[in-house]
Amino acid sequence: MPASRYTVSDVMTHTAVAIGREASYKEIVELMDQWKVSAVPVLEGEGRVVGVVSEADLLAKEEFRRDDPLLPDQLEEASKAGGVLAEELMSSPAVTVHPDATLAEAARIMARKHVKRLPVVNGVGMLEGVVSRSDLLKVFLRPDEEIGEEIREAVLAGFAPPAQLQASVKEGVVTLRGSLRDRALVPLMARAVHAVEGVVDVRMELEGQSTGAS
């Protein structure tokens, strides 16, 4: 039994708040406030994502209100200060993710692109939902019992007989106790356990050895 791999489709919000190219600045602000979101995808046609308007895009109007001299790297953002429609304010092309992407892949995209939310699109760019940072954290709500069962069945069974190693989980922290014939497998085992969704940390308490792995 392979370890579970949650995908974006497992945690995303399927009913996404979105706007069209002609949405006005004020409409966008009101929509974000109503739905408590920090960004909204911009759609055209039957639902193809062509951009995203974020709080950062909207704040350009306030940031560049004064007539201070602009630096070269501020020109693009300053141009949005005069925008009144979504198509003038949006960041394009949109940073998106596919529903079958792993949570780790989505997290890396968010970190690399410095965004809090990602439109989830299918193979032709049609909107299927939105995934946020808080959505990616949902796996850490898994019950300890469920995590422990998966570790025993999907990880430990592949390394050694169950009688030699036992796993306990408390608040997402996994402790492995027992013996392992080949100590060279310790890093590999710790990595395999850490790959189980919902694991916060891994601690090894093997016979003659006690260590933590994060």
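E44 stands opposite R48 in β3. Strand β2 (residues 39–44) pairs with β3 in the antiparallel sense over six bridges; two strands count as paired if DSSP finds at least two bridges between them. Helices (H or I, at least four residues) and strands (E, at least two) are DSSP runs, numbered from the N terminus. This is a predicted model: local features need pLDDT of at least 70, side-chain atom pairs count only at pLDDT 80 or more, and totals for chains, interfaces and linings use all residues. Residues are numbered from 1 along each chain as its sequence is written, and side-chain values use heavy atoms, with hydrogens and water left out.

The open sheet has three strands in the order β1-β2-β3, with mixed pairing. Its edge strands, each pairing on one side only, are tabulated here.

| Edge strand | Residues |
|---|---|
| β1 | 19–20 |
| β3 | 48–54 |

Helix α2 (residues 25–35) lies across β1, β2 and β3 and runs at about 125 degrees to β2. Axes are lines fitted to C-alpha atoms, for helices over the stretch in contact (heavy atoms within 4.5 Å), and angles run from 0 to 180 degrees between N-to-C directions.

L165 lies in strand β6 (residues 165–170). L165 is buried, with a relative accessible area of 4%; buried means under 20% relative accessible area (1.4 Å probe, protein chains only). Leaving aside its neighbours within four places in sequence, M189 is in contact with L156, F159, L165, L176, L180 and M204.

Notes: Buried < 20%, exposed > 50% of the residue type's maximum accessible area, 1.4 Å probe, protein only.
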